[in-house]
Each structure stands twice: as structure tokens, then as C-alpha cells.
Amino acid sequence: MKGVYFLVTILALTSSIVSAYDPSPLQDFCVALNDTKNAVFVNGKVCKDPKAVKAEDFFRHVEAGNTSNPVGAQVSQVFVDQLAGLNTLGISMARIDFAPKGLNAPHTHPRATEILFVVEGSLYVGFVSSNQDGNRLFTKVLNKGDVFVFPIGLIHFQLNVGYGNAVAIAALSSQNPGTITISNALFKSNPSISSQLLTKAFQVDKSIIDYLQKQFWTDNNH
């Protein structure tokens, strides 16, 4: 009988723990507001009246991206902002076009794991594990038909190492995964991060930081 009581207690504690967690955020921040007249209690997007929903709400055509930019790559996002029907479904995707030697620069998705499928070409891809794991680098050269997974929140990249153009499709586990391009976040933030701080963090001369902050950092996610 004591064993039964113990089992019931464990199940009760487990169920209380499972139910006591915050849902994953679907935007960068949601500031608490006590004035309920000016607050919207949603984590993501307000829902459209189901009776007004049409097939077009679940459809979007994606053209090849324009790779005529400094990094030679273009990410065409299909997130909830581009396809309203994704709201609350927990998925999204993107088409990534690469010119020869094109780069999808090191970046992270704070709210999603990404699985990449190579449609055409050859890509050198990889991600870096967390500090606790020793910042290990995991890389692979992918060819047409290959698939690679980038775990949620980890810095990752894709580089076209083939002789022609390359195309990949990325599926992500959030309707709004977010994208933080490392170079943009560090050297193109608004307002700028203190050059003194960056000089100390990177252990380089201040002139190098000043140079980097003056560069035009491309945002190839659209």
C-alpha cells in the first residue's frame, strides 16, 4: 500500500510540474501591461475570424531570391508575417538561394530548430555547440538531396562550395523563429555597442572595431 501512495504522490508531483511552465515565446519580447484596455493577451498573432478565412490565407508563391548582394545569398522567409495561415501551427520555412561562393552568414534562430534540404548544388554547412559543450564545430559538405539539422539557438551557417548556383529549403519549428545574424548584431546594433566593450571582448585594437562598425552589413533575410 505504501508503494501505491508513493506512486500516486510521484504522479501528482509530475503532473503539477508539467503544467507549471511558460509557453515558448513567439516574439522577441512581450512587456507586461496592467491596463487591460490596452493589452492583447496573445503570444504571437491575433486570430482572424474563422468564418472569414480563405484558401489564400494558407498559400504563398516563393520566387528565387536575388543573390546580387555582398554575401551572394538570399533567404526568402515564409514565416507567419509572410503567410498568415501559419499562426499557431508552430512551423515555418525559407528558401535560400546561393550564387557561387555565396554565404548565409553565421546566425542563430532563438526560437527554432532548423532542418535543411539541399535542392541543388553543394553546401558546406555547420553549427557550433554551446560554451558548456566546449564550442565544438560540427560541419558537413551537403550535396543535392542531403539533409542537415541545426539545433535550436545554436550558431550555424551555409556556404556554397560548388561551381554553380545552389538552392536549399529550410524548415523551422516555429511560426516566427527569429534570426540573429552575428555580425549584424555585434557591429550594426542600434544604438551601437560600445567599441571599448567589443575591443575588450575580441582582444583586438580599437581601430579594428571602428572599421567593422563602419562597414555595411548585409541583411539577406527577407
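Trainee: Where in the fold does histidine 109 sit?

Mentor: Histidine 109 is in the loop between strands β3 and β4 (114–120). Those labels come from DSSP runs numbered from the N terminus: helices are H or I with at least four residues, strands are E with at least two. Before we go on, this is a predicted model, where local features need pLDDT of at least 70 and side-chain atom pairs count only at pLDDT 80 or more, while totals for chains, interfaces and linings use all residues. Residues are numbered from 1 along each chain as its sequence is written, and side-chain values use heavy atoms, with hydrogens and water left out.

Trainee: Is histidine 109 buried or exposed?

Mentor: Buried means under 20% relative accessible area, exposed means over 50%, and partly exposed is in between (1.4 Å probe, protein chains only). Histidine 109 comes out at 6%, so it counts as buried.

Trainee: And what does histidine 109 touch?

Mentor: Contact means heavy atoms within 4.5 Å. Leaving aside neighbours within four places in sequence, the contacts of histidine 109 include Glu114, His156, Leu172 and Thr179. With glutamate 114, the side chain of histidine 109 makes a polar contact, side chain to side chain, at 3.0 Å. The side chain of threonine 179 is joined to that of histidine 109 by another polar contact, at 3.4 Å. (A polar contact is a pair of N or O atoms within 3.5 Å; within protein, one must be able to donate a hydrogen and the other to accept it, and residues adjacent in sequence count only if both atoms are side-chain atoms.)

Trainee: Which residues does UniProt list under "binding site"?

Mentor: The unreviewed entry lists Asn104, His109 and Glu114. UniProt positions are in the numbering used here, feature names are shortened, and annotations may be inferred rather than shown by experiment.

Trainee: Let's look at asparagine 104, then. Where is its place?

Mentor: Asparagine 104 is in strand β3 (residues 103–108). At 3% relative accessibility, asparagine 104 counts as buried. Among the residues it touches are Ala73, Phe98 and Asn220. Its side chain also makes a polar contact of 2.7 Å with the side chain of glutamine 158.

Trainee: How do the strands line up in the open sheet?

Mentor: Two strands pair if DSSP finds at least two bridges between them. Here five strands form an open sheet, in the order β6-β5-β8-β3-β10, with antiparallel pairing. The edges are β6 (137–142) and β10 (180–181), each of which pairs on one side only. Two bridges join β3 to β10, and threonine 108 has isoleucine 180 as its bridge partner in β10.

Trainee: How many salt bridges are there?

Mentor: Side chains of opposite charge can pair when their charged atoms come close. A salt bridge is a side-chain nitrogen of Lys or Arg within 4 Å of a carboxyl oxygen of Asp or Glu. The structure holds six. One of them links glutamate 120 and lysine 144, with the closest N and O atoms 3.7 Å apart. Glutamate 120 is in β4 and lysine 144 is in the loop between β6 and β7 (147–150), so this pair ties together parts that are 24 residues apart in sequence.

Trainee: What about lysine 206 and aspartate 210?

Mentor: Their side chains meet in a salt bridge too, at 2.9 Å, N to O. Both lie in helix α4 (residues 206–214), four residues apart, which is about one turn of the helix.
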